[in-house]
Amino acid sequence: MTVDTTRALIETYFAAFNAGDTDKMASLVIDDVAHDVNQGERRSGREAFKAFNAHMTRCYREELSQMVIFVAEDGARAAAEFIVSGSYLVTDEGLPEANGQTYRLPAGSFFEIRDGKIARITTYYNLTDWSAQVVG
């Protein structure tokens with residue numbers, strides 16, 4: 001892929017995220033996508049990716065802003081830095097109790113691209129910062 005096509009793919013992915021269009025997000029990943037989430041185990045496959053997105057949609061409402069996307073010269077890898085602004089809607093197992101708390105924190109995602117789709121997504125943020133914001 002070219003730098004421009006990879007950038008367009010990542011922009012489409014994040015636009016779908018902000019629109020809450022998890023079906024569109026799932027259409028942009030390969031069948032055996034590797035999905036690494038902060039403080040969690042790797043999830044493999046589109047169905048696991050869809051299940052994760054359904055869980056997140058139930059527990060959180062988030063919007064990403066101040067997006068900066070970086071793309072490798074060969075278009076095979078990309079990274080993005082952004083701000084997550086969210087509301088904690090439903091208690092997520094193992095985390096503090098939810099009651100609509102809001103939070104805002106920096107985060108980043110890394111991508112591997114294969115055959116015109118996303119093959120790996122790795123996302124990081126500061127869980128301690130998030131916890132401090134929702135606990136108060």
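Tutor: Let's begin with a word we will need: a residue is buried when its relative accessible area is under 20%, and exposed when that area is over 50%. Keep in mind that this is a predicted model.

Student: Thanks! Which residues of α1 are buried?

Tutor: In helix α1 they are T6, L9, I10, Y13, F14 and A16. These residues cover an arc of only 155° around the axis, which puts them on the same side of α1. On the other side of α1 you will find D4 and A19, which are exposed.

Student: What covers the buried residues of α1?

Tutor: Several elements do, among them the helices α2 (22-27) and α3 (46-59). Strands β3 (60-71), β4 (77-88), β5 (102-114) and β6 (117-125) are also included.

Student: How does α3 agree with the span it should have?

Tutor: The 14 residues of α3 should span 20 Å at 1.5 Å a residue, and its end C-alpha atoms are 20 Å apart, which agrees. Its buried residues are R46, F49, F52, N53 and C59. Looking down the axis of α3, you see these fall within an arc of 155°, so they line one face of the helix. The face turned away from that buried side carries E47 and A54, which are exposed.

Student: Now the core. Which residues have the most contacts inside the largest nonpolar core?

Tutor: Here is the general idea: in soluble globular proteins, nonpolar side chains tend to be buried together. In this model the largest nonpolar core has 33 residues, and those with the most contacts inside it are I10, Y13, F14, F49, Y103, F111 and I118. Take I118 as a case: leaving out residues up to four places away in sequence, I118 touches L9, I10, Y13, L28, V29, I30, V33, F111, E112 and I113.

Student: What about the strands: how many bridges join β3 to β4?

Tutor: There are 10 bridges between β3 and β4, and these strands run antiparallel. The hairpin of β3 and β4 has 5 residues between the strands, and in it G75 takes a positive phi near 75°. Strand β4 is also joined to β5, by 11 bridges, and again the two run antiparallel. There, S85 has R104 in β5 as its bridge partner. Of the 12 residues of β4, 9 are buried, so this strand is largely enclosed by the rest of the structure.

Student: And how many aromatic pairs does the structure hold?

Tutor: It holds 9. In one of them, F14 and F82 are 5.3 Å apart centre to centre with 55° between the planes, a tilted pair. F14 lies in helix α1 and F82 in strand β4, so this pair ties together parts that are 68 residues apart in sequence. Both F14 and F82 are buried. For Y103 and W130, the ring centres are 5.9 Å apart and the planes are at 70°, so that pair is edge-to-face.

Student: Which residues do ring pairs link into a cluster?

Tutor: They are Y13, F14, F82 and F111.

Note on methods: Residues numbered from 1 in each chain as written. Predicted model: local features only at pLDDT ≥ 70, side-chain atom pairs only at ≥ 80, totals over all residues. Heavy atoms only, no water. Buried < 20%, exposed > 50% of the residue type's maximum accessible area, 1.4 Å probe, protein only. Helix = DSSP H or I, 4+ residues; strand = E, 2+ residues; numbered from the N terminus. Arc of directions from axis to C-beta. Contact = heavy atoms within 4.5 Å. Core = buried A, V, L, I, M, F, W, Y, C linked by side-chain atoms within 4.5 Å. Pairing = 2+ DSSP bridges. Phe/Tyr/Trp six-rings, centres within 6.5 Å; stacked < 30°, edge-to-face > 60°. Expected span 1.5 Å × (residues − 1).
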